[in-house]
Each structure stands twice: as C-alpha cells, then as structure tokens.
Amino acid sequence: MKKIEKLEMVEISKYFHTTRANYKVSFSIESGEILGLLGENGAGKTTLMNILYSLIQSDEGEIRINGETVRLHSPKDAIQRGIGMVHQHFMLIQNHTVAENIALGFEEAPFFFPAGHVAKKIEEFSRIYGLKVNTQEKIWQLSAGEQQRVEIVKALIRGVDLLILDEPTSVLTPQESKELFSILRRMAGNGHSIIFISHKLEEILSICDRVLVLRRGEIVGASSVQSTDKRKLARMMVGRDIIFDFEKEHIERGPLILEVKELIVPGDRTERAVKGVSFKVYKNEIFGIAGVSGNGQRELIEVITGLRRASGGSILINGKDITNASARLVSDQGISHVPEERIKFGIVPNLFIYENTVLKRHHNKRFSKMLFLNYQTIKSHAESIVKDFQVTAPSINTPIKNLSGGNIQKLILGREITGEPTLLVAAHPTYGLDVGATEYIRRQLLERRGKGIAVLLISEDLEEIFELCDRIAVMFEGEIMGILPTQEANIEDIGLMMAGSRK
Ligand SMILES: Nc1ncnc2c1ncn2[C@@H]1O[C@H](COP(=O)(O)OP(=O)(O)OP(=O)(O)O)[C@@H](O)[C@H]1O
Ligand SMILES: [Mg+2]
C-alpha cells in the first residue's frame, strides 16, 4: 500500500445525543509533519482522533488519504492503512513481557514463538529511533515513560505512517518527555506524520510544526508555531487572556496541621511502598510532594485519607492521632481529598451531577434537615460549583458519567475545595485540565492557602510544584529524597532527585 503522503479529514461532524462533539472539522497533515491539537476540556480532541483511528464512526464527513476517500471500519483497518494511536491510558497487558505485548495482534508474527521473531524487529526499530526497550521485562516493571516507548515501538512495527498521541506526556518525567520529543523528531525526519494532543502549550510550541485549536467541536484557529505564542494559543482556546505567572505572596506559615512520622505502608505488589516517611505540613502552607507516580505517593495519601492501612509510624492532625482511622473519621477531622484515580474513587458514575457534589458530605447540616436531604440547597451548591469551575455539562440533572474526563475532574475539585477543609490532600489537581481550568484551580489553591488551609499537593508537574508550593519534598522508591524551601530549589535538582539522587 502506498505510504501516507497526505491525510485529510473533511467536514467531520459527530454528535452524542444532543452534544455536538465535532462540527465540520477539516484539516490536513502531510508526511514529516508534527501537528499539535489543542483545545479546552470537552472541545472534542479525543473524539476527533478516535474517528481518525476508527474506534468510532463520524456522523458526517470523510477521511482522504493521498487525495482518495477511504472507508475504515475499525482500528484494525486504520492500522492496516498506516494510522496508529497511543491512548492516554495505555492499553498494554501488565503481566506480559514487552515482546509479547508487541507481538499481540501482529499479523506478520509466525504462529509459534512470535515473540522471538518480533524481538529482532524491536531491536531494529530501537536502533533506528533510539528507543530503549528491554523486550524480556514485564509491563508492570516498567515506568510510564518506558511503557510509552513500548506503545510507540508497537505502532512503528505495525508500519504506521501516521501516529496519534493523546496527551502522551502527562505521566512522564521532564527527562522522559525530552526523550520522547527526540524520538518524535526522528520519526518526523523519517517521513512519519504525528498528531500530538497536549494541554501543555510549551510542549506544543517546542515539538510541533503547526497547531490546530478546537473549541466546542469546531476548529477556531490554525497556525504555524513560528507565528504564534503561548498567550495567543490560550486566547484562541478559551476566548480570553490567561495569566501564566502567578504572584505568590509570601505568607508566614501558621501552626502545625499535619504530622507524618516514620510512616510505613505496604503496597499492592511490594511489602513496602512507603518506607519510613516523615514530614510536617503547616497552616497557610502548600507542601508539595514531587515525584514520578508509582514511587509511593498514592499509598502515602491513601493512608492519610483513611483508604489504606499503615503497618508502622503515625499520622497526627492538629495533634490528634488518626493513624489507620476510617475515611469517614478522617473526613470529619476536616481533611478533603482529591484522589489520583478520580473516575474510580471520586464519583458515583450513575448518580446525577448534583448528587455527586455532596458525596461524603450529605450528612452535613447544610445539606440535610433531620433525616431529609435539602435538595434545594444541594442543587444550588451544585449550580455554583458548575459555574465557578466552568464545568461543561448539559445540566446538573445529568449522570456524571456522561461528562468528558476533564469536566469530571473539575467537578470533584470544586466539591473538595469548597468544603472548606483544614487540610486538602490533592493528587495531581490539574492533571488533564485545560489551561483555563488549570489557572483557575491554581489560583483557588493559593487563595485558600491565604485563608488558612494547609495543602498537601502531589504532582509530577514541576511547573505546578514550583508555582504553588512553599516547600517541596521529592519521593523516590518510597522514600523522601529531601525537603527544600521552594526559593532554594531549582528544576534540575528536583528532576535529579525524582530520578533517585539524594539532596
Ligand atoms: N461516549 C460519549 N457519550 C456522550 N458524550 C460524549 C461521549 N464521548 C465524548 N462525549 C462528549 O463529547 C464532547 C467532547 O469530548 P472529548 O472527549 O472529545 O473531549 P476532549 O477535547 O478530548 O476533552 P479532554 O481535554 O477533557 O480530554 C464532550 O462534551 C463529551 O462530554
Ligand atoms: Mg481527551
């Protein structure tokens, strides 16, 4: 089959019931180009790419390759025609080796021992693109960056000409992102086309040739990266100016709120996910824990919020020992929690939006009178969260599962932040949020810090850590590599600590 020299999506429209996810979207991409795809949460980026990859079908419009209309009915067709996609949530099988994962569904592989045949091919591609992968390792042993490389090798081996990456860098360390970018440049140099979705504008500007901006399903702007900048892109996306530099005013920290002492926490796969961690968080302080996810952060905050048991050490809130207390008791102590896996733990998918805004707090005086829930107050509470946090939703009487990923996150954040906690434990609060929502959340966190709450912030995003935190701790393999006041820290040092060097 002829290589993809030029691919066009023409007048693509897609509706989900009454939601217009894509409307008359047209664009083209040529061999060797890296095209950025930007847009607010719910703008329709994933939907458009799922259509190109033929995971879903459009209602109107067509796809042309080298000027010819093609009909692709499934991802298998798409791959055969040279289109590959790496989804934000990897789809690798954890208990299989790298080689086995790559071999899966690979047509050329012989029936017996396909892994051996594939291993040779993997080596070939690794050499050409500088993609380091160990074919014999199991997926669960790999970091996010390594898994990403496996996904890319998998696509390359299938011979894709055009590769779609949906928010590929949200789980990578800065070093891993750099590596990914040089791989992408090499691919483009070899004539591949790449479509790159990200909410991080610097990334789009540094890696892409051109950028498309989607808003409410329509293309509202297209530009070469040379003739645009961060502010212009943000304005196109959200229709207003975005403030990138926050004035973080200096605030004297207040009394001790949270004390974690020598905490030991068993993991799901390991005996110890957290190996004797100690730190303190004060009122009026944002205390950040930086680190690549999977280094014990999740287990740590699950113990603090009552979702997991510690096997050693202690946790005190306002001097009171809450080690291994129930989630309800922890919540009654004024601890709010924005969990990492929000979709899994933060919501009840089938409940309406307004019901989800009072989860865990329906027994609060404000929302219930005697035994009855006060629906009027609950609904106006929900309306104000939807409005303040710019949640795109048909109405608060919609099951929450029908919202886009980013919008579900905004709702949970709104619920947890507006609960006026003593301590807010927030894991990756802006993960997957668009620039407008990110700005809003960050400003909210700083504002609440000023009003006296303590924030324990877990993030992989160093820009976010530096912008918000008063002090930064770095976690690696279950231990804290060091704790630094933000003024004394620099990105390179923190990056190195994230990779395991001790300060
Ligand atoms: N399966 C579905 N059923 C109903 N509505 C859907 C479905 N998939 C997407 N939508 C809606 O289509 C719109 C576009 O969603 P899409 O996931 O494409 O956005 P996105 O630009 O990828 O956003 P994000 O940055 O949050 O990932 C949203 O309003 C979303 O609620
Ligand atoms: Mg998406």
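Visitor: How many salt bridges are there between domain 1 and domain 2?

Guide: Zero salt bridges between domain 1 and domain 2, where a salt bridge is a side-chain nitrogen of Lys or Arg within 4 Å of a carboxyl oxygen of Asp or Glu. Keep in mind that this is a predicted model, in which local features need pLDDT of at least 70, side-chain atom pairs count only at pLDDT 80 or more, and totals for chains, interfaces and linings use all residues. Side-chain values use heavy atoms, with hydrogens and water left out, residues are numbered from 1 along each chain as its sequence is written, and chains are lettered from A and ligands numbered from 1 in the order in which they are written.

Visitor: And how many residue pairs are in polar contact across that interface?

Guide: One residue pair, both at pLDDT 80 or more. A polar contact here is a pair of N or O atoms within 3.5 Å; within protein, one must be able to donate a hydrogen and the other to accept it, and residues adjacent in sequence count only if both atoms are side-chain atoms.

Visitor: Which helices supply the domain 1 side?

Guide: Helix 6 (174–189), helix 7 (201–207) and helix 8 (230–238) each supply at least two residues to the side that touches domain 2. Helix 8 gives the most, with three residues. Helices (H or I, at least four residues) and strands (E, at least two) are DSSP runs, numbered from the N terminus.

Visitor: What's that side like by class?

Guide: Seven nonpolar, nine polar and three charged residues make up the side of domain 1 that touches domain 2. Ala, Val, Leu, Ile, Met, Phe, Trp, Tyr, Cys and Pro count as nonpolar, Asp, Glu, Lys and Arg as charged, and the others, Gly among them, as polar.

Visitor: What area is buried between domain 1 and domain 2?

Guide: About 1,400 Å², with carbon and sulfur atoms giving 56% of it. That is the accessible area (1.4 Å probe) that two parts lose on being put together, summed over both.

Visitor: Where are the domains, by the way?

Guide: Domain 1 is 6–238 and domain 2 is 256–498, with bounds from an automatic or database domain assignment. The contact takes 19 residues from domain 1 and 20 residues from domain 2, contact meaning heavy atoms within 4.5 Å.

Visitor: Back to salt bridges. How many in the whole structure?

Guide: A search of the whole structure finds 23 salt bridges. One of them pairs Glu 11 with Lys 24, with the closest N and O atoms 3.8 Å apart. Glu 11 is in strand 1 (residues 6–16) and Lys 24 in strand 2 (residues 19–30), 13 residues apart.

Visitor: What does Arg 20 do? Which residue does its side chain meet in a salt bridge?

Guide: Glu 218, at 2.8 Å, N to O. Arg 20 lies in strand 2 and Glu 218 in strand 10 (residues 218–224), so this pair ties together parts 198 residues apart in sequence. Arg 20 is partly exposed at 32% relative accessibility, and Glu 218 is partly exposed at 31%. For the cut-offs, buried means under 20% relative accessible area, exposed over 50%, and partly exposed in between (1.4 Å probe, protein chains only).

Visitor: What about Asp 470 and Arg 449, buried or exposed?

Guide: Both Asp 470 and Arg 449 are buried. Their side chains meet in a salt bridge of 2.9 Å, N to O. Asp 470 sits in the loop between helix 16 (462–468) and strand 21 (471–476), and Arg 449 in helix 15 (residues 435–450), so the pair ties together parts 21 residues apart in sequence. Elsewhere, salt bridges that share partners join Arg 442, Asp 461, Glu 463, Glu 464 and Glu 467 into one network.

Visitor: Switching to the backbone: what's the phi of Glu 167?

Guide: Positive, about 45°, although Glu 167 is not a glycine. Most residues other than glycine have a negative phi. Glu 167 lies in the loop between strand 7 (162–166) and helix 6, and is buried, with a relative accessible area of 12%.

Visitor: And Arg 216, what's the phi there?

Guide: Near 45°, also a positive value in a residue other than glycine. Arg 216 lies in the loop between strand 9 (210–215) and strand 10, and counts as exposed at 64% relative accessibility.

Visitor: Last one: what does Thr 97 contact?

Guide: Leaving aside neighbours within four places in sequence, Thr 97 is in contact with Thr 135, Gln 136, Glu 137 and Lys 138. Thr 97 lies in the loop between strand 6 (83–86) and helix 3 (98–103), and counts as buried at 9% relative accessibility.
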